[in-house]
Amino acid sequence: LLDTATLRNETVPLPHGHVLLVVDSGVSHALEGGEYALRRAELERATGGANVGDLTVEDAERLIAERDVDEVAARRFRHVVSENARVREVVAALRADPPDLAAVGRLFREGHDSLRDQFEISTPELDLLVDLAYAHGAVAARMTGGGFGGSIVALVADDCAGEVAAAIRADYRERTGVDARAFTTHAAQGAREL
């Protein structure tokens, strides 16, 4: 869990017996300019450059009204504030004993839907991969990274990760004609000085 304003970070456990499945849509993206830069400008229009890390959804709605923020910038702002809240909820769900996997699945879905509808950085291919991941047994799935292409990340049971990946890839190939790449990864300690 990383707070990019303060760089404070802490580890959050992944559920025992689960792995992360990453599926590359085959849609490449460039984040240097264009739509990504536009999203940043839209968000800054709404926030005035203020740190939004600790704002609640209610705070955001109050600021939108006070500043008479245009609808596009307001959608971007709502996404970021609600996404921060979802991250905190996912952390709580993962730290529960036992982990609340149903909540994690719901929150990942809500996050993806917000990225698609409010922030508008998903693609039909990413949306399809998320739907396929849930359909084939993923606990949770959403796009990852800067959007406009790239990959999804899914939380899946370790003992069926290979089958889930194969089913997603097969259905994706059938519907898009593109061969998605998939790999699993486990939680591990990050880069560090030895």
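The following paragraphs go through a predicted model of one protein chain, from overall fold to single residues. Local features require pLDDT of at least 70 and side-chain atom pairs pLDDT 80 or more, while totals for chains, interfaces and linings use all residues. Residues are numbered from 1 along each chain as its sequence is written, and side-chain values use heavy atoms, with hydrogens and water left out.

The protein chain has six helices and four strands, where helices (H or I, at least four residues) and strands (E, at least two) are DSSP runs numbered from the N terminus. Read from the N terminus, the order is β-α-α-α-α-α-β-β-α-β. The radius of gyration is 18 Å, close to the 16 Å of the globule rule for 194 residues, so the chain is as compact as a globular protein of that length. That radius is taken over C-alpha atoms, and the rule is 2.2 Å times the number of residues to the power 0.38. The C-alpha trace spans about 50 × 40 × 35 Å along its principal axes.

Contact means heavy atoms within 4.5 Å. Among contacts between residues at least 6 apart in sequence, 69% join residues at least 24 apart.

The interior can be described through its nonpolar cores. Such a core is a set of buried Ala, Val, Leu, Ile, Met, Phe, Trp, Tyr and Cys residues joined through side-chain atoms within 4.5 Å. The largest has 38 residues, of which Leu-21, Phe-77, Val-156 and Ile-168 touch the most other members. Elements that give two or more residues to this core include β1 (18-24), α3 (71-95) and α6 (161-176). Helix α5 gives the most, with six residues. A second, separate core of nine residues includes Ala-93, Leu-107, Phe-108 and Ala-140. Leaving out residues up to four places away in sequence, Val-156 touches Gly-17, His-18, Val-19, Leu-21, Ala-138, Ala-161 and Val-164.

Two further residues are buried. Glu-42 lies in helix α1 (residues 34-47) and counts as buried at 5% relative accessibility. With residues up to four places away in sequence not counted, Glu-42 touches Val-72, Ala-73 and Arg-76. Gly-146 sits in the loop between β2 (140-144) and β3 (151-157) and is buried, with a relative accessible area of 15%. Gly-146 and Arg-75 are 71 residues apart in sequence and 17 Å apart in space, C-alpha to C-alpha.

Conventions: Buried means under 20% relative accessible area, exposed over 50%, partly exposed in between (1.4 Å probe, protein chains only).
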